[in-house]
Amino acid sequence: MNLLGTAGAIFLVILNIVVILLGLGLIIIGALIYKESGLVNDDISPVLNAITGGDFTLSDLIKIIAIVIIVIGVFTFLVSGTGIVGTCGQYRPVLVVYGVIVFLCGVGEIWVLVEVAKLKNKLNDAIKRELLKVLSYYKGYNIDVISIAWNLIFYLFECCGVNKQSRVDDFQSTAWSRGSDVIPGYCCREATLLTASTLNGTACTTNPTYQNAYVESGCYDFLNDRLTSYSDGVISVATFILLTEVMAIIASLILFWQITVDVDRKRGAQRSGRVADISLNQRAYQVGNQSGQETIVISNTANV
């Protein structure tokens, strides 16, 4: 193998090792988003499931993004392992399979990126409108499902209302009989899950400020930022993997060509060696025959 083939093999191995590590990282990140993110918490799903964009809800989209991250991670891990085996063993069939799979994965990743962008755009148009609609059913500290979900959103995400409550009073159009309160206790910075419902009538709920409440953090901004960070993360990582896959295909083609050249040279050398052996044997046989004939002629002459 010449210098170009050796460099291609080394580059392909290093590239696949990097992609394997990246694949493991994607699997871990996707699992964390799916299992540990508050956005897929069953207690707040009644609000998130009310935000729809066609056939998908916001909660569904976040889960889809997490699953896509995991799937991409698994495929990159397995495919890169195949590439290393084919490169180290110089197995041309394995390299062919590797190149085809990488190409198909690249096409699939492009499709995923387009679909994720479409879903995100659909939901972005509906998020604020649907959030305000669902918030209209809010009843404060009541034990109905919607109110519990909203209170948990306020507490977990450190936001209040849909818009920034320092500018817009979203609670005036809700079903909450709030009395002198402007915001619920779950929007207070000092709130805990045990004390939030007892903060009504305090300075935080009747005269909220940036110092004592989350009046500068609307839940729409939080959800939109979180959704954007997830989708942008998927797009960035998938794009990087796509670029590495293009380089991997080029490197595998170079290596495949070099292995083929080496195999053809060996076969040619073997064929040349056999022809030379046959020619030498024939010449030896002919020389032997000529010597024998000369001896017979000399003998016959002597007899005469």
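Is cysteine 204 buried or exposed? At 2% relative accessibility, cysteine 204 counts as buried, where buried means under 20% relative accessible area, exposed over 50% and partly exposed in between, with a 1.4 Å probe and protein chains only. This is a predicted model, in which local features need pLDDT of at least 70 and side-chain atom pairs count only at pLDDT 80 or more, while totals for chains, interfaces and linings use all residues. Residues are numbered from 1 along each chain as its sequence is written, and side-chain values use heavy atoms, with hydrogens and water left out.

**Disulfides**

- The structure holds 3 disulfides, a disulfide being a pair of cysteine sulfur atoms within 2.5 Å.
- Cysteine 188 and cysteine 204 form a disulfide with their sulfur atoms 1.8 Å apart, and the torsion about the S-S bond is about -115°, so this disulfide is left-handed.
- Cysteine 159 is joined to cysteine 219 by a disulfide with an S to S distance of 2.1 Å, and the torsion about the S-S bond of this pair is about 90°, so the disulfide is right-handed.
- In the disulfide of cysteine 160 and cysteine 187 the sulfur atoms are 2.2 Å apart, and this link, with 85° about the S-S bond, is right-handed.
- Counting bonded cysteines along the chain, the disulfides follow the pattern 1-6, 2-3, 4-5.

**Burial of the cysteines**

- Cysteine 159 is buried at 0% relative accessibility, and cysteine 219 is buried at 0%.
- Cysteine 188 is buried, with a relative accessible area of 2%.

**Valine 74**

- Valine 74 lies in helix H3 (helices being DSSP runs of H or I with at least four residues, numbered from the N terminus), and valine 74 counts as partly exposed at 34% relative accessibility.

Note on methods: Helix = DSSP H or I, 4+ residues; strand = E, 2+ residues; numbered from the N terminus.
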